[in-house]
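Have the structure open beside you as you read.

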Amino acid sequence: MTEATATIEKPDVYRLMPTRLQEQAESGKTRCNLCLWRCGLHHGQRGFCQAHVNRNGTLYNLSYGIISAMDVGAIEEKPVRHYRPGTKVLSVGSYGCSFRCGGCHNLEISWGTEALDSLARGESRAAFVTPEQLVQAALESGVEGIAFTYSEPAVWLEYVLDVAEEAHNHGLYTVYVSNSFVTEEALALLSGRIDVLCSDIKSMEEKFYRNICAMASVDQVLHSIKKAQELGIHVETRTNIIPGYNDQDENISAVAAWIHQNLGSDSPWHVTRFHPAYRMAHVPSTPVERLERAAHLGREQGLQHVYVYADKGCDCATENAPVQHYLPDWASLHEVKKCADTCCGDDGILLSRYEREAGIAHERR
Ligand code: SF4
Ligand code: SF4
């Protein structure tokens with residue numbers, strides 16, 4: 001496996017970024033080892049998350065520096081309660097997720113298919129912000145930390161790592177809000193750069209993850225959460241309670257028992273409320289009594305810090321208007337994003353599919 005650190009430069013214009021964890025696999029594919037999908041891709045293909053493309057055998061992140069949403073708020077809103085309470089964070093997200101949850105509220109950003117497509121076609125006008133510029137915006141906003149959220153940070157890792165390093169250099173802490181479907185190799189890269197992980201534990205039932213999220217298993221997710229804590233990252237967990245899907249007493253108690261046994265009785269657990277969306281639009285909002293019941297079961301399992309949010313679901317954003325708010329007069333917001341490299345030609349089209357549609361045949365290098 002190669003870690004392509006040496007080839008990474010800090011760009012001053014939009015540029016595709018080689019991903020950190022990639023290796024040559026069977027049949028000419030290149031394998032991505034950022035998340036547990038471990039996609040094997042041929043030239044011109046993109047991964048499940050849609051955020052990575054194979055060009056001539058090298059995997060690139062389409063969304064390096066591409067911002068979908070920004071906001072300033074209390075760290076408690078992430079939700080994180082036991083790390084620097086009372087401080088503010090700049091929350092930032094891009095496009096792409098390693099899951100396809102049936103109740104996701106955030107499809108335009110989390111899946112981001114349209115936005116990532118327009119990047120792959122060389123037509124995007126999304127905001128492009130270098131790590132240095134983002135940290136500057138954070139400092140000017142008066143926050144003490146930066147949180148990577150809204151989209152899944154594991155599929156945006158190159159940017160997350162560069163921003164985290166720059167943030168630490170300026171005394172800011174870093175928060176990573178995730179589904180934890182991430183490889184150990186990626187977690188090792190996060191160690192020392194990410195201070196806080198706020199992770200979902202969506203259920204203890206295999207069928208929930210398989211049916212509602214993606215081809216993930218409970219064990220994979222739990223292993224990553226435990227590993228993150230072993231690496232010295234401050235970990236807090238949250239469970240979005242969905243009526244009829246994961247709100248059974250046995251399931252809730254099993255989540256709490258796992259936290260107690262593996263993260264400790266003092267590990268904070270956040271219980272949030274489901275609101276109907278997407279394929280689960282027919283499911284009602286969680287009754288507040290179910291949230292209170294879940295908290296009761298958590299305390300019964302010995303958890304000392306259980307927090308209930310009747311007004312909060314996922315840490316989602318539904319539009320990218322705040323980007324303009326925090327980056328006023330930002331010229332790059334309105335410029336078409338084409339990679340500054342030349343391997344795909346002047347048109348900036350990055351996927352074979354779109355090259356064919358446009359009647360272009362680029363020579364492979
Ligand atoms: S980060 Fe994307 S391309 Fe990489 S393994 Fe995960 S889904 Fe596949
Ligand atoms: S709910 Fe979270 S993990 Fe699931 S698809 Fe949406 S952003 Fe991804």
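A residue counts as near a molecule when its C-beta atom, placed from the backbone, lies within 6 Å of it. Please keep in mind that this is a predicted model.

**Around ligand 1**
- There are 13 residues around ligand 1, and Cys32, Cys35, Cys39, Gly47 and Cys49 come nearest.
- Sorted by class, this shell has 9 nonpolar, 3 polar and 1 charged residues.

- Eight strands form an open sheet with mixed pairing, in the order 9-10-12-13-14-15-16-17.
- At the edges sit strand 9 (69-74) and strand 17 (306-309), each of which pairs on one side only.
- From one strand to the next, the twist averages 20°.
- Strands of a sheet pair through backbone hydrogen bonds, in either a parallel or an antiparallel way.
- Strand 9 and strand 10 (residues 88-93) run antiparallel and are joined by 6 bridges.
- If you want a place to look, Ala69 has Gly93 in strand 10 as its bridge partner.

**Helix 8 and helix 9**
- Helix 8 (residues 249-262) and helix 9 (residues 288-300) have axes that come within 8 Å and cross at roughly 45°.
- The two helices, helix 8 and helix 9, are therefore oblique to each other.
- The crossing of helix 8 past helix 9 is right-handed.
- Helix 8 contributes Asp249, Ile252, Ser253 and Ala256 to the contact, while helix 9 contributes Ala294, Leu297 and Gly298.
- By class, this contact of helix 8 with helix 9 has 4 nonpolar, 2 polar and 1 charged residues.

Notes
Residues are numbered from 1 along each chain as its sequence is written. Chains are lettered from A and ligands numbered from 1 in the order in which they are written. This is a predicted model: local features need pLDDT of at least 70, side-chain atom pairs count only at pLDDT 80 or more; totals for chains, interfaces and linings use all residues. Two strands pair if DSSP finds at least two bridges between them. Helices (H or I, at least four residues) and strands (E, at least two) are DSSP runs, numbered from the N terminus. Axes are lines fitted to C-alpha atoms, for helices over the stretch in contact, and angles run from 0 to 180 degrees between N-to-C directions. Ala, Val, Leu, Ile, Met, Phe, Trp, Tyr, Cys and Pro count as nonpolar, Asp, Glu, Lys and Arg as charged, and the others, Gly among them, as polar. Angles under 35 degrees count as roughly parallel, over 145 as roughly antiparallel, 65 to 115 as roughly perpendicular and the rest as oblique. A crossing is left-handed if the near helix is turned anticlockwise from the far one by less than a right angle, and right-handed if clockwise. Two residues are in contact if their C-beta atoms, placed from the backbone, lie within 7 Å.
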